Amino acid sequence: MEIYLDANATTPVLPQAREAALAAMAEDFGNPSSIHSTGLKARALMDGVRARARRVLGASTGQLLFLSGATEGIQTAVLSALSALRERPQRPELLLYGATEHKAVPEAIKHWNALLGLNLQLLAIPVGRDGRHDLDWLRRHAPRAGLVCTMAANNETGVISDLDGIEAALAGSPALWMVDGVQALGKLPLRLAERRIDYAPFSGHKLYAPKGIGMLYVRAGAPFTPLLAGGGQEGALRSGTENMSGIAALGAVLAALEDGNTFRDAATLAAWRDRLAAALQQAFPGLVFNAPAELCLPTTLNFAVPGVSSKLLLDLFDAAEMRVSGGSACSASKAQPSYVLEAMGLPAWQTASALRLSFGPLMDAGFVDEACARIRVCGESLRASCLDPNAPGHALPAEGLSRLVVDGACCYVLADAASRRAVVIDPLPELTERLAQWLRCQDYALAAVLDTHSHGDHASSAAELLATLQAPHADVEALGWPRAAETIELGRLKLTRLALPGHTQDSTAYLLHEAEQLRLAFVGDTVMPGALGRSDFEQSAPQDFARSLRRLEQAVGPHALLLPGHDYDDRFATTLAVECAAQPLLGDLLGGRIDDAAFAAAKAELEQGLALTEYQTIACGARVDANGSRACSELSPAGLVQMAREQPQLVLVDVREPYEQRLGQAPELGTTVQREAVALSGLPNALTRWLALPAETPVVFFCRSGNRSAQAAQALRRLGHPQAWSLGGGLALWPRATAAADAAFAI
Ligand code: PLP
């Protein structure tokens, strides 16, 4: 069963609303402007819904228009207000909007302010740490304002605005006042006509009506300019034939609000919110809530877990079939810190780790029980992976290689579960806490912290990491290699080193051997996928670069996996053979067609005048070949089932992280195939093994949304396995037998 906890983004459609919409499409399908009986029935329906809406919103006077949603309502309100300001003999100076408004508001104001040639100054009304408007600030600026926009309740935090306080602050101001009522509909009594609110937009899909239907309240006497002119519908205030199925559905929701039997009351919802909050606190010790519960809608929780990113939590919850949101839905895909929480002055970690959990008043007690149980399971899974720095772990020791990436820079951790010893290669300052927590939680001792070279773009954080772990002092050389040691042994694994001056004088590769066989090499910036490291820094040794590349080839051969210090476009690894094909200069050198001096000269010319950012673009530039492009390597769910039937040797790989794998389901193919779990962060562990498969053996990766699996498939293709595939859309689009049943619970 899916636990849908993202009601502030949108809701499913109430069964009565679906029926009403269907009836309006199938039976009462008339155009309310027609004067025959079918049309008259439609008009009566529409008038009935409008009357209900007036009662629910406390809008006995003024206009109540049907339109497509809140964004249109906001445009109409802003256009109306600004058109009127343009005509005022005394132009106001300011247009004010709450700093935490939905982006539709400031963007609409900017748009119309410019288009109408008003060019008034826009100012965001600051909010306090509790998310509420700074009323003193508003009082001071209100006399010079022409329009003030303040939402009734915030979509990210659920913080309810003090509308009476705002009204008092506006006393004597000539400003028009818009209140975005989207998140308040059905949850707060707005008493629109009693207040001086001039405009209030609403959206049906936030309260169990379909998308595409909304309302706009306009106070009697408030200025109005239609956004849409045409056939004169809605008293010529909003032309266009009405969305009758949407209006009918909205009517059913309003009827449910009025009859009082369908939706839970505020006290019940608050009690359930508190249960969810308690379950979260228990599952994630250290969790902080981002807004005070007593000021919030009882249906929204916004929180952050120190040291755990919103993306990680979102993946984790999704694996447990819980749909929540990081920040707001619209900005979630961009993974940017929440501007709402930033405006509240929360610290950066909190704005970057925020997660929102929201539900609607249709929820029931069984749903809350299930949600709390899943939250507990999510907490356990995170602890079992040593990923919650606030909770003591009891993890299975990780084994093999893991990679962590910060802005394209790669750090590797090599762990041997049997000996509980680990080596970190190229530690990054941003990862110190995370690495220390992970090593401590799994009881790993550090055999060494190595750098592949003295980095130009960041200082080594080896000392910081060792200090954080309070590791005993070890006698090591400059890059962290134990003095006088030939090898570093980790159980069956053994590291040796190879000097490769070029990118820097001290550039060094670390070769990983297992049972005396070379498994792979950490090559730092000597070879990156698609590029060679620069050699025009002060600490570079350009004349040695060619010799180092030949030495590397001698040591590892053309096909050994090379793990880079930078990976700007998720290629994970490369080989000299792959790079020779992609980079003519390298191919010429290793193919014996040019000598060292010619190589150095050509390389210097290539680097001349290149800014670092351009260089990074080049490293990403030669990237996707015809086979590597995502569309070519994606399988549809049906395609995967068919491929598994036709090619039973197929290998199906779950590339989600262990904390998700533990919770989530895998696609059921109806036939037996070899299944593996190799998290994307540990992909290099298995690349060589997959590359050794017969060329026709399909390797199909899957993940939650299709992104990580696409990266894995492309990486394997680039390295030379043509039958590397990903499941397009991931598990999210995998057909589930219970989809219809789930929908009923999706509240
Ligand atoms: N205002 C708020 C507070 C919202 O939460 C949303 C939707 O996320 C909107 C406006 C935009 O509404 P619509 O999707 O109906 O255009």
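**Close-up views of a predicted protein model**

View 1. Phe 545 is buried, with a relative accessible area of 1%, where buried means under 20% relative accessible area, exposed means over 50% and partly exposed lies in between (1.4 Å probe, protein chains only). This is a predicted model, in which local features need pLDDT of at least 70 and side-chain atom pairs count only at pLDDT 80 or more, while totals for chains, interfaces and linings use all residues. Residues are numbered from 1 along each chain as its sequence is written, and side-chain values use heavy atoms, with hydrogens and water left out. Phe 545 belongs to helix H16, which covers residues 545-556; helices (H or I, at least four residues) and strands (E, at least two) are DSSP runs, numbered from the N terminus. Leaving aside residues up to four places away in sequence, Phe 545 touches Pro 501, Gly 502, His 503, Thr 526, Leu 532, Gly 533, Arg 534, Ser 535, Phe 599 and Lys 603, a contact being heavy atoms within 4.5 Å.

View 2. Asp 570 stands 25 residues from Phe 545 along the chain, and the C-alpha atoms of the two are separated by 25 Å. Asp 570 is found in the loop between strand E23 (561-564) and helix H17 (576-582), and with a relative accessible area of 30% Asp 570 is partly exposed. Its backbone has a positive phi of about 55°, although Asp 570 is not a glycine. Most residues other than glycine have a negative phi. Ala 515 likewise has a positive phi, near 45°, and is a residue other than glycine. The loop that holds Ala 515 runs between strand E19 (508-514) and strand E20 (517-524), and Ala 515 is partly exposed, with a relative accessible area of 48%.

**View 3. Thr 496 in strand E18.** Thr 496 is found in strand E18, made up of residues 493-499, and at 17% relative accessibility Thr 496 counts as buried. The side chains of Thr 496 and His 513 are joined by a polar contact of 3.0 Å, meaning a pair of N or O atoms within 3.5 Å; within protein, one must be able to donate a hydrogen and the other to accept it, and residues adjacent in sequence count only if both atoms are side-chain atoms. Besides His 513, the residues that Thr 496 touches, not counting those up to four places away in sequence, include Trp 481, Glu 486, Thr 487, Ala 509, Tyr 510 and Leu 511.

View 4. Among the residues around the ligand are Gly 69, Thr 71, Met 151, Asn 155, Asp 180, Val 182, Ser 203 and Lys 206, a residue being counted if one of its heavy atoms lies within 4 Å. A backbone N or O atom of Ala 70 lies 3.0 Å from an oxygen atom of the ligand, and a polar side-chain atom of His 102 lies 3.3 Å from an oxygen atom of the ligand. In the side chain of Gln 183, an N or O atom is 2.9 Å from an oxygen atom of the ligand. Taken alone, the ligand exposes 390 Å², of which the protein buries 87%; these areas come from the Shrake-Rupley method with a 1.4 Å probe, and for residues, only the protein chains shown count as cover.
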